[in-house]
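Dear colleague,

I am handing over a structure for your records. Please find it below, followed by a summary of the findings.

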Amino acid sequence: MRLAFSNLTLPAFDHLTYLPDMRASGVEGIEIAPDHTFTRPHFGKEFCPREVATYGQAARLAGLEIVGLHALLGGRPEFDMFDDADIRHHTIKHLVHLSRICRDLGGRTLILDSRWARGMERKEAFLQCRAFLEKLLPQIEDHGTVLCFAPLAPDEGDFCRLAPELFMLVTALDHPAFGLHVATAAFAANGETGHKNFAARRGRLDHVHIDEPGRVALGVSGKVDHADVRRHLNAISYSGWCSVVQSLPAGVSPTEHVFRSVRGFRAIYRQDFRNRRTFNV
């Protein structure tokens, strides 16, 4: 398993000086939250290509691979897959733009999290989602990117948030640009950390988020059994990216915040006993 970090662990719009320190800490890749990274454009406008290219160059010079993008619509209430036709059109256009950015930066995965159908009847919501994806996916297929719906805790969304629902949707659509994703905090919140939900993803799992409720540092909440998650991932021979997703608390050094979770990842997911002695697990 390869270690990446979401750049949510860095100060908003101020990442570049920290990237070399992340690599020195043992991080191999970085996952980008677009609206935490690039200057937000006006409605209907795209992120600045020069700003995107500068970020990609800085990551490469630091020795970090860009894994993909996540929090795709974070803080963007103007976009919604369950609103009227015009808003859905603009949402698809924005996601295609993000897919191009992901491709140009050398990334692959696009993780779409918070999804609210807001009381829409379940069958109608699935039909609308399917229509939305049938318009979106052919437009990103040639980019070589893969869109994944994140599993969600109950307070993060009300549509297709459980592991079996996500598996069913991916299987029903059967499209190469639509994949499967695991998020440890959501799996734990939904009581879905049993092996069957990992076994169903054997050979099909595109990405993993190693996170805690509230995006606290790895191991802090005590609500996620990361050792158990590691056993399940090993059992299905998963060797892809694991991104640690955590927010930066006020007054905390970003470098130390990253390093603490790197130690935790090594201790738990790579069973590095030298780190286990210095990390409270």
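Two strands are taken to pair if DSSP finds at least two bridges between them; helices (H or I, at least four residues) and strands (E, at least two) are DSSP runs, numbered from the N terminus. The model is predicted: local features need pLDDT of at least 70, side-chain atom pairs count only at pLDDT 80 or more, and totals for chains, interfaces and linings use all residues. Residues are numbered from 1 along each chain as its sequence is written, and side-chain values use heavy atoms, with hydrogens and water left out.

Strand β3 (residues 65–70) pairs in the parallel sense with strand β4 (residues 109–112) over three bridges, and L69 stands opposite L110 in β4. Between β3 and β4 the chain passes through helix α4 (residues 85–104), in a right-handed β-α-β crossover; right-handed means that, with the strands pointing away from the viewer, the path from the first strand over the helix to the second runs clockwise. Strand β2 (residues 29–32) also pairs with β3 in the parallel sense, over four bridges, and I30 has I66 in β3 as its bridge partner. Five of the six residues of β3 are buried (under 20% relative accessible area; exposed is over 50%, partly exposed in between; 1.4 Å probe, protein chains only).

The count of disulfides (pairs of cysteine sulfur atoms within 2.5 Å) is zero. The sulfur of C48 lies 18 Å from the closest cysteine sulfur, that of C102, which is too far for a bond. For C160, the closest cysteine sulfur is in C129, at 6.4 Å, again too far for a bond. C48 is partly exposed, at 37% relative accessible area, whereas C160 is buried, at 2%.

Yours sincerely
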